Amino acid sequence: MANITERVPDDTEIEAMTSPRNSKSDENLQHKRQVKRRLEDYLEQAQLRKAIGDDDFF
């Protein structure tokens, strides 16, 4: 019988797996993160305005 063990990668291994291989990929990844951050901020502001009753936002 095979002995199966689960191993959780450490932070450096996770960073190596998720880091882009070249500069173009890095630029694309940074751009996607910026767009996602702006979208999350926009949606958070919309939810806050809706919660306080300022529905003139839309």
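These legends accompany close-up views of a predicted model.

**View 1. Overview of the protein chain.** The chain of this predicted model has 58 residues, and 2% of them are buried. Its secondary structure consists of two helices and zero strands. The accessible surface amounts to about 5900 Å². Carbon and sulfur atoms account for 51% of that surface.

**View 2. Helix α2 along its length.** Helix α2 covers residues 23-51, which is 29 residues. From the first C-alpha to the last, α2 reaches 42 Å. This is close to the 42 Å expected at 1.5 Å a residue.

**View 3. The two ends of helix α2.** At the start of α2, Asn 22 places a side-chain oxygen within 3.3 Å of the backbone nitrogen of Lys 24. Just after α2, the backbone of Gly 53 has a positive phi of about 90 degrees.

**View 4. A nonpolar patch on the surface.** The patch is formed by Leu 39, Tyr 42 and Leu 43. Together these residues have about 290 Å² of accessible area.

Methods:
Residues numbered from 1 in each chain as written. Predicted model: local features only at pLDDT ≥ 70, side-chain atom pairs only at ≥ 80, totals over all residues. Heavy atoms only, no water. Helix = DSSP H or I, 4+ residues; strand = E, 2+ residues; numbered from the N terminus. Buried < 20%, exposed > 50% of the residue type's maximum accessible area, 1.4 Å probe, protein only. Areas by Shrake-Rupley, 256 points an atom, 1.4 Å probe, with all protein chains shown as cover. Expected span 1.5 Å × (residues − 1). Polar contact = N/O pair within 3.5 Å; in protein donor to acceptor, adjacent residues only side chain to side chain. Patch = residues over 30% accessible without salt bridge, like charges linked within 9 Å, V, L, I, M, F, W, Y side chains within 5 Å. Salt bridge = Lys/Arg side-chain N within 4 Å of Asp/Glu carboxyl O.
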